[in-house]
Amino acid sequence: MKELNPLLHSQLRLAVMSILMNVEEADFVYLKEKTESTAGNLSVQLDELSSAGYVAIEKGFIGKKTRTVCRVTDFGRKAFEEYVETLKEYLNL
């Protein structure tokens, strides 16, 4: 049986990817609220997902306020779909 992707098997990274799979983009504040995570932990996990090529992160400004926007990449979408299919195999679905 295929192994579950360890990068996606983390609770917070899996939550972030699950959210991003269902929206065009999400900003940092939205992800922080939805995942109920700390800013520091979310930032670290987003960096991991970005380094793997699973999410694209854009940093910008709205006036003087910073805004970080995240999107799932095609590579990330494929990895997430494979993770779900592997999980279904484990569950015999």
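A residue is called buried when its relative accessible area is under 20%, exposed when that area is over 50%, and partly exposed in between, as judged with a 1.4 Å probe on protein chains only. The model described here is predicted, so local features need a pLDDT of at least 70 and side-chain atom pairs count only at pLDDT 80 or more, while totals for chains, interfaces and linings use all residues. Residues are numbered from 1 along each chain as its sequence is written, and side-chain values use heavy atoms, with hydrogens and water left out.

The elements named below are DSSP runs numbered from the N terminus, with helices (H or I) of at least four residues and strands (E) of at least two.

In H1, the buried residues are Leu-12, Arg-13, Val-16, Met-17, Ile-19 and Leu-20. Seen down the axis of H1, these residues fall within an arc of 160 degrees (taken from the directions from the helix axis to the C-beta atoms), so they line one face of the helix. Their cover includes strand E1, H2, H3, E2, E3 and H4.

H1 and H3 pack with their axes 10 Å apart and at an angle of about 70 degrees, where axes are lines fitted to C-alpha atoms, for helices over the stretch in contact, and angles run from 0 to 180 degrees between N-to-C directions. The two helices H1 and H3 are therefore roughly perpendicular to each other, a term that covers angles of 65 to 115 degrees. On the side of H1, the contact (heavy atoms within 4.5 Å) is made by Leu-12, Arg-13, Val-16 and Met-17, and the residues of H3 that take part include Leu-42, Leu-46 and Leu-49.

Thr-68 in E3 is the bridge partner of Lys-59. The hairpin of E2 and E3 has 2 residues between the strands, and Gly-63 there takes a positive phi near 65 degrees.

Note on methods:
Two strands pair if DSSP finds at least two bridges between them. Angles under 35 degrees count as roughly parallel, over 145 as roughly antiparallel, 65 to 115 as roughly perpendicular and the rest as oblique.
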